[in-house]
Amino acid sequence: MKTADYQPASIEPKWQAFWADDKTFAGPNPAPNAKPAPKYYVLDMFPYPSGAGLHIGHPEGYTATDALKRMKKSQGFNVLHPMGWDAFGLPTEQYAIKTGRPPAEVTEENIANFKKQLAQIGLTYDSDREVNTTDPAYYKWTQWIFVQLFKHGLAYVEEKPVWYCPELGTVLANEEVLNTPEGPRSERGSFPVEKRPLRQWVLRITAYADKLIAGLKDLDWPDSTKRLQENWIGRSTGAEVDFQLDGLDEKLRVFTTRPDTLYGATYMVVSPEHPLLSKITIDDRRAEVEAYAEQAKRKSDLERAELAKEKTGVFTGGYAINPVNGAKIPVWVADYVLITYGTGAIMAVPAHDERDFEFAKTFGLEILPVIANENANPDEELTEAYTGDGALINSGDLNGLNVADAKAKITAELAAKKVGKEAVNYKLRDWLFSRQRYWGEPFPIMWLSPADYKRLMALDKDESELNNTLPIDPVTSIINGEARCAITVPTQDLPLTLPQVDSYQPTGTGESPLAKAVEWVNVWLNLKTGETRPRVIQQDGDEQLTERPGTDWAAATRETNTMPQWAGSCWYYLRYMDPKNPDFIIDPKIEEYWQAPDLYVGGAEHAVLHLLYARFWHLFLHDIGVLKTKEPFKKLFHQGIILGEDGEKMSKSRGNVVNPEFIIKDHGADAMRLYLMFLGPLEAMKPWNTDGIQGINRFLRNKVWRELLDDNGQPATKLCDTEDDADTARALHETIKKVTADYERLSFNTAISQMMICANQFAKAKTLNFASAKAFLQLLAPLAPHITEEIWERLGEAPSIANAPWPKHDESKLVKDTVKLMVQINGKLRGELEVAKDTAQPDILTAAKALDKVAPQLEGKTIVKEIYVPGRIVNLVVK
RNA sequence: GCCCGGGUGGUGGAAUGGUAGACACUGGGGACUUAAAAUCCCUUGGCCGCAAGGCCGUGCGGGUUCGAGUCCCGCCCCGGGCACCA
């Protein structure tokens with residue numbers, strides 16, 4: 001091998017070092033009073049720095065944004081393209097449990113490894129803007145946001161049945177639990193999970209449900225993702241209706257989206273957990289009902305989530321009165337009604353609801369149609385519920401109305417009689433925000449006795465900082481059998497850092513490992529100053545109580561739960577803009593300049609959770625005046641998944657994992673970057689095929705390197721100052737035009753194929769103008785930055801190529817003197833015609849008809865129509 | 001079941017309603033070489049044909065159009081999401 005050969009292993013580290021030292025891709029915040037350059041903020045979903053290192057999926061999205069960033073920089077934008085670490089989380093903690101090593105230490109190593117690997121790919125980030133969710137200087141502000149949520153009544157504590165995973169030793173959010181044929185399982189690790197009542201922090205995201213739906217409208221996101229979020233929020237409008245319970249002084253309230261079918265309600269169902277169930281049940285039925293409710297409770301863990309179930313239920317013996325017609329209808333208990341949605345009770349209209357129909361069929365309950373189905377034979381027995389529109393029947397004064405009109409009329413009537421009202425419900429549940437883990441952000445919360453809480457509230461706001469962050473309604477909970485009230489750690493004392501612990505092992509009782517840090521948990525709190533002092537001291541293995549320091553001091557215990565991994569990732573894109581600000585989450589002036597990411601690239605697996613949570617926090621921060629923008633991510637793009645060579649999802653167990661480090665070793669980072677982008681559309685799921693990288697290798701080695709440089713690595717002799725021939729010039733300018741447009745829309749695969757076409761033409765040309773060669777290098781540079789920097793320099797230009805202004809195409813170079821026209825007869829291709837581009841239509845038609853392959857087809861036939869699309873086609877319709 | 005996305009050569013994939021298969025990979029043939037690698041040239045959707053050429057072809061069946069991979073209707077299959085949300 002000659003030293004002048006293309007050797008990625010030697011040139012790639014050289015340029016990676018250059019970009020790092022030169023800070024080529026730093027995107028500075030504008031200086032005060034300076035007129036700043038137009039900005040472009042491109043964001044990747046930051047990775048979890050796992051011990052396993054980079055996966056081929058990381059460089060896919062990251063190469064795309066790196067390439068776009070490099071083009072934008074050449075186009076004169078001040079580009080912000082940062083990177084950081086979503087480093088709290090379970091795998092590191094589990095590794096810590098296994099090895100006994102502190103998670104912070106392990107995290108630091110993993111991050112160093114990730115950084116090294118990203119740099120090897122030629123990915124360039126502004127290292128001064130790096131954020132790390134586990135850095136106390138970062139999570140100070142995660143905690144600060146939580147304090148704001150708390151203060152504004154959006155955080156509360158609830159003891160409720162939550163998914164608990166014994167294997168992981170933690171609770172999981174609904175979203176982290178998957179339904180599998182084996183029952184509910186944890187998303188991480190696929191371990192069995194069960195429902196357990198535990199004390200939990202919950203964020204009131206449902207208060208933002210309508211805003212979250214409304215905000216979607218203006219976002220440039222994939223439609224499917226918007227729809228996913230909309231369905232997830234699941235807003236439905238209808239009515240709440242009160243049914244008097246027969247013989248009881250109680251009303252049963254139901255939610256329905258179909259108040260128009262009220263006359264068709266032939267029975268009611270309450271969920272097994274409904275608070276009125278016991279009252280409704282008559283003594284004769286009590287044993288059976290209680291057995292069912294008990295069974296349903298246990299069942300809810302497994303079978304209730306199962307697919308394709310038979311409907312089950314039990315009659316309570318009680319009756320309710322239909323408010324519109326006084327009909328007495330039976331009340332059943334059944335687990336197909338969920339306590340967590342609506343009011344936990346329904347009116348059942350089997351004629352017009354599939355689930356009610358199935359239930360009524362199973363138990364032989366009455367089915368009364370109240371909407372005429374024009375397509376059904378009224379004499380035949382119903383085989384399914386009719387959910388379409390039609391005229392109302394059997395419905396008193398609603399008869400004859402259509403569904404929409406009947407809904408409006410009945411809702412108004414119910415409201416007038418004060419037995420019902422319009423109502424809205426959401427599928428979205430409040431966000432379970434606590435985890436019983438060590439490796440997460442500690443809650444900046446302390447618990448006081450109700451008496452001490454009253455003392456604190458009695459102080460004026462300016463007498464105690466602690467009083468400034470209390471919610472209007474106190475957050476209370478029963479902890480270890482005692483009533484407690486929550487207050488926050490004073491914001492000036494943030495961050496509240498994680499204490500040292502001896503063991504990261506979960507307690508198994510659902511309590512966090514932090515609960516074992518007794519000195520950290522138990523403090524004396526000065527209600528006026530917010531100062532804390534140890535309340536329990538460990539000495540020689542004994543725990544000793546310290547004396548209360550004075551009258552202003554109260555006994556407080558710290559919250560021992562930690563926040564979920566979503567917390568840190570909810571706002572990291574804000575911190576990139578102003579990463580070192582010690583005084584505020586982000587300087588408003590800086591936010592005003594960068595606004596929010598112009599493009600966010602990441603996997604579709606975060607379509608609901610991360611992207612919904614981040615929108616919630618952002619909207620909230622906007623509402624309390626912290627942010628000017630309303631939405632965090634204007635434009636969103638999902639890169640697809642790279643499958644293994646076998647077309648299956650890459651996984652260790654399948655042994656089909658492609659390691660980026662090996663690809664770089666064999667072919668170089670530029671080849672890997674290009675090939676990753678050449679595989680197919682960025683958004684598509686596509687299989688990796690190592691053989692295919694040959695094509696990219698040949699392109700770089702033979703068409704780029706060897707065409708532009710000679711055997712000594714000097715500019716090739718074919719490079720000169722004479723003008724290119726027309727074909728070569730056209731190829732270049734077509735390529736400038738197409739590549740620029742394709743990069744802009746992240747269509748890298750077609751951009752690369754166009755560059756290959758251009759390079760093939762360059763190879764064919766006898767001479768090549770220096771300027772053309774350089775323009776081509778610039779087009780290629782965003783995807784293959786190392787080789788292009790190297791050749792750029794060897795052609796006598798100063799690095800970096802990214803600083804050179806982006807080439808512009810010359811439209812006049814694109815036009816050809818002649819055009820090629822396809823000639824069809826009756827839509828079938830029969831010949832082609834090359835004519836001067838300004839040939840008149842009649843001449844073209846005459847020439848077309850005279851073509852060797854066309855003329856015989858016209859013999860003995862009449863032309864009924866002649867179609868001519870300039871520059872495209874001639875179609876002769878004959879009979 | 002409901003909501004999305006997608007079915008194009010041996011493979012990955014291109015195609016504003018206007019030449020289907022760009023660009024690559026693989027395969028076949030050839031050149032260079034003692035040989036191989038590398039490189040270069042030709043070829044590579046199917047069928048018929050010595051050839052010129054013809055016919056068929058974008059999951060299936062219909063339709064709109066001078067013209068459909070592209071638009072419309074009805075199916076089939078694959079992938080993703082949701083799943084008793086009243």
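# Reading a predicted chain, feature by feature

Modeller: Start at Leu746, which sits in the loop between helix H21 (726-744) and helix H22 (748-764). Helices (H or I, at least four residues) and strands (E, at least two) are DSSP runs, numbered from the N terminus.

Biologist: What ground rules apply here?

Modeller: This is a predicted model, where local features need pLDDT of at least 70 and side-chain atom pairs count only at pLDDT 80 or more, while totals for chains, interfaces and linings use all residues. Residues are numbered from 1 along each chain as its sequence is written, chains are lettered from A and ligands numbered from 1 in the order in which they are written, and side-chain values use heavy atoms, with hydrogens and water left out.

Biologist: Where does Lys23 lie, and what is its phi?

Modeller: Lys23 is in the loop between helix H1 (8-22) and strand E1 (39-44). Its phi is near 50 degrees, again positive in a residue other than glycine. Lys23 counts as partly exposed because its relative accessible area is 44%.

Biologist: Now the peptide bonds. Which residues does a cis peptide bond join?

Modeller: Read omega. Leu494 and Pro495 are joined by a cis bond, with omega about 0 degrees. Pro495 belongs to the loop between strand E20 (482-488) and helix H13 (518-521). The bond from Pro799 to Ser800 is also cis, with omega near 0 degrees. Ser800 falls in the loop between helix H24 (785-794) and strand E32 (818-825).

Biologist: Zoom out. How many helices and strands does chain A have?

Modeller: Chain A has 26 helices and 35 strands. Its C-alpha trace spans about 100 × 90 × 55 Å along the principal axes. Of its 879 residues, 53% count as buried.

Biologist: How do I read contacts in chain A between residues at least 6 apart in sequence?

Modeller: A contact means heavy atoms within 4.5 Å. Among those contacts, 72% join residues at least 24 apart. Val157 and Trp201 are 44 residues apart in sequence, but their C-alpha atoms are 4.5 Å apart. Leaving aside neighbours within four places in sequence, Val157 also has contacts that include Arg199, Trp447 and Val475. At a relative accessible area of 11%, Val157 is buried.

Biologist: Which residues touch the most other members of the largest nonpolar core?

Modeller: The general idea is that in soluble globular proteins, nonpolar side chains tend to be buried together. A nonpolar core is a set of buried Ala, Val, Leu, Ile, Met, Phe, Trp, Tyr and Cys residues joined through side-chain atoms within 4.5 Å. The largest one here has 180 residues, and Trp201 and Trp617 touch the most other members. Helix H17 (residues 609-623) gives the most to this core, with 10 residues. Apart from it lies another core, of 49 residues, among them Leu262 and Val419.

Biologist: What touches Thr557?

Modeller: Thr557 lies in strand E25 (residues 553-558). Beyond residues up to four places away in sequence, Thr557 touches Ile445, Met446, Trp447, Val521, Asn522 and Arg535. Its relative accessibility is 16%, so Thr557 counts as buried.

Biologist: What does UniProt list for "binding site"?

Modeller: UniProt positions follow the numbering used here, feature names are shortened, and annotations may be inferred rather than shown by experiment. The unreviewed UniProt entry lists Lys652. Lys652 is in the loop between strand E28 (642-643) and helix H18 (660-667). With 75% relative accessibility, Lys652 counts as exposed. For "domain: Aminoacyl-tRNA synthetase class Ia", the unreviewed UniProt entry lists residues 615-677. That span is 41% helix and 6% strand, and its end C-alpha atoms lie 30 Å apart.

Biologist: Last one. How many positive and negative side chains does chain A have?

Modeller: Lys and Arg count as positive, Asp and Glu as negative; His and the chain ends are not counted. Each charge is placed at NZ of Lys, CZ of Arg, CG of Asp or CD of Glu. Chain A has 102 positive and 123 negative side chains, and the centres of the two sets lie 3 Å apart.

Definitions and conventions:
Buried < 20%, exposed > 50% of the residue type's maximum accessible area, 1.4 Å probe, protein only.
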